Amino acid sequence: MIPELFGRVGVLIVLGVVFPALPLIASFAFYLLRRRPQNPDPVKHATYECGVESEGNAWGQFNARYYLFALGFVIFDVEVVFLYPWALQHGILNTDALFKAAIFVGVLAFGLAYAWRRGALEWR
């Protein structure tokens, strides 16, 4: 039973490595065979902004609070992913599982309250 499971995982790992590697290897092979076009110009190196002519330098600074909001979204998105299987099996599980889920939600609620109190969610 166990070797079969490891075999399946091994196949998935091999596919996960080979699938993205094949286009990279093919591109490099076409480069070596001079089949891939190699003619850079300023238009190709320009920053593309949805058809609008770009303004300024591509290395411009932006507000780091975007990261905080993205991180908050990821945290609560992962929470939903972890709670979904529990919610499907809610009628079958015992009170121990309910207690563990409540601890999980409580830790996340504490983190949200802490971020809220520190002003991390305020947009200034």
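Trainee: Hi! How many positive and negative side chains does the protein chain have, and how far apart are the centres of the two sets?

Mentor: Hello! This is a predicted model, and in the protein chain there are 10 positive and 9 negative side chains. The centres of those two sets lie 8 Å apart.

Trainee: Thanks. And what elements does the protein chain have, helices or strands?

Mentor: The protein chain has four helices and zero strands. Reading from the N terminus, the order is α-α-α-α.

Trainee: What about overall dimensions: what radius of gyration does the protein chain have, against a compact globule of 124 residues?

Mentor: The protein chain has 24 Å, whereas a compact globule of 124 residues would be near 14 Å. Along the principal axes, the C-alpha atoms fill a box of roughly 65 × 55 × 20 Å.

Trainee: OK, what percentage of the residues count as buried?

Mentor: Of the 124 residues, 6% count as buried. The accessible surface is about 11600 Å², and carbon and sulfur atoms contribute 70% of that.

Trainee: And which share of the contacts with a separation of 6 or more comes from residues 24 or more positions apart?

Mentor: That share is 50% in the protein chain.

Trainee: Let's zoom in on Glu79. Where is Glu79 found?

Mentor: Glu79 is in helix H3, which covers residues 65-88.

Trainee: Is Glu79 buried or exposed?

Mentor: Glu79 is buried, and it has no salt bridge. Lys100 is the nearest side chain of opposite charge, and Lys100 is 17 Å away.

Trainee: Then which residues is Glu79 in contact with, leaving aside neighbours within four places in sequence?

Mentor: Glu79 is in contact with Phe104, Val105 and Leu108.

Trainee: I was also looking at Leu83. What does Leu83 touch, not counting residues up to four places away in sequence?

Mentor: Leu83, which also lies in helix H3, touches Ala101, Phe104 and Val105.

Trainee: What separates the C-alpha atoms of Leu83 and Val105?

Mentor: They are 8.9 Å apart, with the two residues 22 positions from each other along the chain.

Trainee: New topic: Arg34. Where is the place of Arg34?

Mentor: Arg34 sits in the loop between helix H1 (2-32) and helix H2 (42-45). Its phi is near 60°, a positive value in a residue other than glycine.

Trainee: Why does Arg34 count as exposed?

Mentor: Because its relative accessibility is 73%, and exposed means over 50%.

Notes:
Residues are numbered from 1 along each chain as its sequence is written. This is a predicted model: local features need pLDDT of at least 70, side-chain atom pairs count only at pLDDT 80 or more; totals for chains, interfaces and linings use all residues. Side-chain values use heavy atoms; hydrogens and water are left out. Helices (H or I, at least four residues) and strands (E, at least two) are DSSP runs, numbered from the N terminus. Buried means under 20% relative accessible area, exposed over 50%, partly exposed in between (1.4 Å probe, protein chains only). Lys and Arg count as positive and Asp and Glu as negative; His and the chain ends are not counted. A salt bridge is a side-chain nitrogen of Lys or Arg within 4 Å of a carboxyl oxygen of Asp or Glu. Contact means heavy atoms within 4.5 Å. The radius of gyration is taken over C-alpha atoms; the globule rule is 2.2 Å times the number of residues to the power 0.38. Accessible areas come from the Shrake-Rupley method with a 1.4 Å probe; for residues, only the protein chains shown count as cover. The place of a charge is taken as NZ of Lys, CZ of Arg, CG of Asp or CD of Glu.
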